[in-house]
Amino acid sequence: MNETNAGGVRQRSVDVVVPVHNEAHVLGEGIGRLHAYLEGSFPFPFRITVADNAGTDATWQAATGLTARLPHVHAVHLEAKGRGRALQYVWSRSEADVVAYVDVDLSPGLDGFLPLVAPLLSGHSDLAIGSRLRPRAAVGSGPKREFISRSYNLLLKLGLAAGTRRAGSG
């Protein structure tokens, strides 16, 4: 994954983790779209890691099929369920400079992915968090998820007491 450019300079890389649990029915489409986006317009070396966390359907078979068809796609299977567990497992073993994750449905879209990770790749930022709660996000969620997300974001702001800014703002 660590590649060099024409001048022999090592390019920083990104490992995009897609944690899944029983999502065989949407895995091919989601990973296919993500791979096409990254191959077509992402200017950095990347790897997509499908993290099947304790699925009981055909997700693992679908994931290994994608690794055979698509370059840069890797898959891991975990025996225990949990998005956080899957992320911790993959991120702690990744050799990439930047680790990220997206849901298999790719919401709220891929247009914001490069602006989200660019400050990390340049060393300008240490952490970037995308949100479905942004006013322009085209993803709706139920009242329970909305409440949990907004509460979590408030706790992050209060607990981290770190300066934050939106991508693209000064």
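Gly32 sits in helix α1. This is a predicted model, so read everything here as computed from it. Let's stay with the glycine for a moment. Gly32 is partly exposed, because its relative accessibility of 29% falls between the 20% and 50% cut-offs. Leaving out residues up to four places away in sequence, Gly32 touches Leu27 and Leu70. Then there is Val73: 41 residues separate Gly32 and Val73 in sequence, while their C-alpha atoms are 9.9 Å apart in space.

Now for the rings. How many aromatic pairs does the count come to? The count is 2. In one of these pairs, Phe42 and Phe113 have ring centres 5.6 Å apart and planes at 45°, so the pair counts as tilted. The two partners come from distant parts of the chain, 71 residues apart: Phe42 belongs to the loop between α1 (24–41) and β2 (46–53), and Phe113 to helix α4 (residues 113–122). Ring pairs also bring in Phe44, giving a cluster of Phe42, Phe44 and Phe113.

Here is how accessibility looks for the residues discussed so far, where values are given:

| Residue | Relative accessibility | Class |
|---|---|---|
| Gly32 | 29% | partly exposed |
| Phe42 | 7% | buried |
| Phe113 | 5% | buried |

One more ring is worth a look. What lies over the face of Tyr89? That would be Arg93, at 3.7 Å from the ring centre.

How values were computed
Residues are numbered from 1 along each chain as its sequence is written. This is a predicted model: local features need pLDDT of at least 70, side-chain atom pairs count only at pLDDT 80 or more; totals for chains, interfaces and linings use all residues. Side-chain values use heavy atoms; hydrogens and water are left out. Rings of Phe, Tyr and Trp (its six-membered ring) pair if their centres lie within 6.5 Å; planes under 30 degrees apart count as stacked, over 60 as edge-to-face and the rest as tilted. Helices (H or I, at least four residues) and strands (E, at least two) are DSSP runs, numbered from the N terminus. Buried means under 20% relative accessible area, exposed over 50%, partly exposed in between (1.4 Å probe, protein chains only). A charge sits over a ring if NZ of Lys or CZ of Arg is within 6 Å of the ring centre and within 35 degrees of the ring normal. Contact means heavy atoms within 4.5 Å.
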